[in-house]
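Hi,

Here is the structure I said I would pass on. Have it open while you read, and I'll walk you through what turned up.

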Amino acid sequence: MQTRSMLRAGAGALIALGLLVTAATAGKPGPGTSTGQGRVFFPNPVASLQDQTLTDQKDADYAALQSAYRTVTLTNLDGSGNLHGDWATIVSETGNPAYSPDNTFSYGRNDDRFEQVMGYYWITESQKYIQSLGFGSTRRAVNKEPQKLRINQFGQDNSFAIDTKDEIRLGKGGVDDAEDAEVILHEYGHAIHFSQNFSFASAEAGAISEGFGDYWAVNITDLIAPTADPACVADWDAVSYTSTAPHCLRRLDANLHYPEDLNGRVHHDGQIWSQALWAIRIKIGHVKANTVILEGQFDFPGTTMTALAQSTVNAAQQIYGNGTANSVRSAFQERGILP
Ligand SMILES: [Ca+2]
Ligand SMILES: [Ca+2]
Ligand SMILES: [Ca+2]
Ligand SMILES: [Zn+2]
């Protein structure tokens with residue numbers, strides 16, 4: 001008897017709690033749909049406007065930048081009204097987390113929520129492209145998960161991807177790093193390597209990862225938002241630390257040669273690798289190039305550029321045959337990576 005009344009009391013409490021939960025949810029409803037709209041740079045103001053005179057001006061949303069904004073469709077959202085989705089999720093930020101009851105995320109660059117939209121959009125599009133090649137269906141998955149992003153959390157002009165926490169942190173020194181799609185995509189390149197069991201066991205492996213990140217940045221922006229000088233990486237972020245135009249963090253046409261131009265600095269040495277990958281893409285097109293590049297770098301044991309180049313040629317041979325393998329080999333030969 002006593003038990004039954006306790007059960008009834010319990011049921012009543014649960015109903016009351018249910019009402020409270022409903023009321024709390026009604027205060028911040030989500031749109032319940034997976035698509036929305038976002039305002040982004042496409043891929044960055046210097047590249048899209050071809051204007052080398054643009055500067056940060058302390059995050060001001062000044063007149064000359066207005067034509068650099070583009071409204072794009074955001075996909076794969078979880079319907080909560082937050083920038084949480086299948087392939088990207090914003091886990092922390094300075095200021096307010098972006099939230100919209102109807103999935104409309106429209107901010108200027110002086111609003112920290114703008115960088116959150118940039119991160120969500122460019123990483124989601126990157127993963128959708130990877131899946132369009134069959135990775136995650138007919139091929140092994142490549143970082144097929146909600147990539148965690150921390151935005152504007154780091155005062156220095158640097159961004160990084162952390163293997164142990166499986167997250168990308170974007171800094172806010174100079175131009176906020178996440179205002180430039182190519183900085184976001186460079187970091188996603190490292191996240192791709194983490195997901196592929198790529199070993200960072202040597203300086204050359206580190207250089208390969210930097211070069212792949214630069215290549216990935218240019219590869220994706222050239223597909224989605226092509227600009228006049230594709231070889232220039234991070235044209236907008238670089239205005240804060242380069243004195244000569246065009247402003248580029250690095251380039252994909254530095255014409256460095258393996259092994260004599262290696263100097264042990266991974267970002268410098270990575271330009272040998274990034275140029276080889278870019279040459280492959282020019283020779284055989286982006287679908288075949290990215291398929292063999294991604295397939296070839298699974299489980300790389302962290303040895304040398306030559307070893308990974310051979311693995312990439314082998315992938316080309318296996319998937320597409322002799323002609324494609326020869327084109328891939330010649331791109332590595334031009335850089336001295338293969339004999
Ligand atoms: Ca900003
Ligand atoms: Ca920066
Ligand atoms: Ca660029
Ligand atoms: Zn890097």
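(For the cut-offs: a residue is buried if 20 or more other C-beta atoms lie within 10 Å of its own, exposed if 12 or fewer, and partly exposed in between, with C-beta atoms placed from the backbone.) D299 is found in the loop between α7 (286-296) and α8 (305-320). Its phi is positive, about 60 degrees, although D299 is not a glycine. Most residues other than glycine have a negative phi, and most peptide bonds are trans.

Before going on, some housekeeping. This is a predicted model, so local features need pLDDT of at least 70 and side-chain atom pairs count only at pLDDT 80 or more, while totals for chains, interfaces and linings use all residues. Residues are numbered from 1 along each chain as its sequence is written, and chains are lettered from A and ligands numbered from 1 in the order in which they are written.

Is A234 buried or exposed? A234 counts as buried, because 29 C-beta neighbours lie inside 10 Å. You'll find A234 in the loop between β8 and β9. P246 lies in the loop between β8 (232-233) and β9 (250-251), and a cis peptide bond joins A245 and P246, with omega about 0 degrees. Another cis peptide bond joins F42 and P43, again with omega about 0 degrees. P43 belongs to the loop between β1 and α2 (45-49).

**The whole chain**

The protein chain has 9 helices and 9 strands. Those are DSSP runs numbered from the N terminus: helices are H or I with at least four residues, strands are E with at least two. The C-alpha atoms fill a box of roughly 85 × 50 × 30 Å along the principal axes. Of the 339 residues, 45% are buried. Two residues are in contact if their C-beta atoms, placed from the backbone, lie within 7 Å. Among contacts with a separation of 6 or more, 66% are between residues 24 or more positions apart.

Which order do the strands of the open sheet follow? The sheet has 3 strands in the order β2-β1-β4, with mixed pairing. Here two strands pair if DSSP finds at least two bridges between them. β2 and β4 (104-105) stand at the edges with a single partner strand each, so one side of each has no neighbour in the sheet. β1 (residues 36-41) pairs with β4 in the parallel sense over 2 bridges, and with β2 in the antiparallel sense over 6 bridges. If you want to trace the bridges, G38 partners F105 in β4, and F41 partners Y69 in β2. β1 is largely enclosed by the rest of the structure, because 5 of its 6 residues are buried.

L74 is buried, because 23 other C-beta atoms lie within 10 Å. The C-alpha atoms of L74 and G36 are 4.9 Å apart, although 38 residues separate the two along the chain. Leaving aside neighbours within four places in sequence, the contacts of L74 include T35, N103 and Y121.

**The core**

A nonpolar core is a set of buried Ala, Val, Leu, Ile, Met, Phe, Trp, Tyr and Cys residues joined through C-beta atoms within 7 Å. The largest one has 82 residues, of which V117, M118, I184, A276 and I280 touch the most other members. Helix α5 (residues 203-224) supplies the largest share of this core, 9 residues. Not counting residues up to four places away in sequence, V117 touches G38, R39, V40, L83, A98, F105 and Y107.
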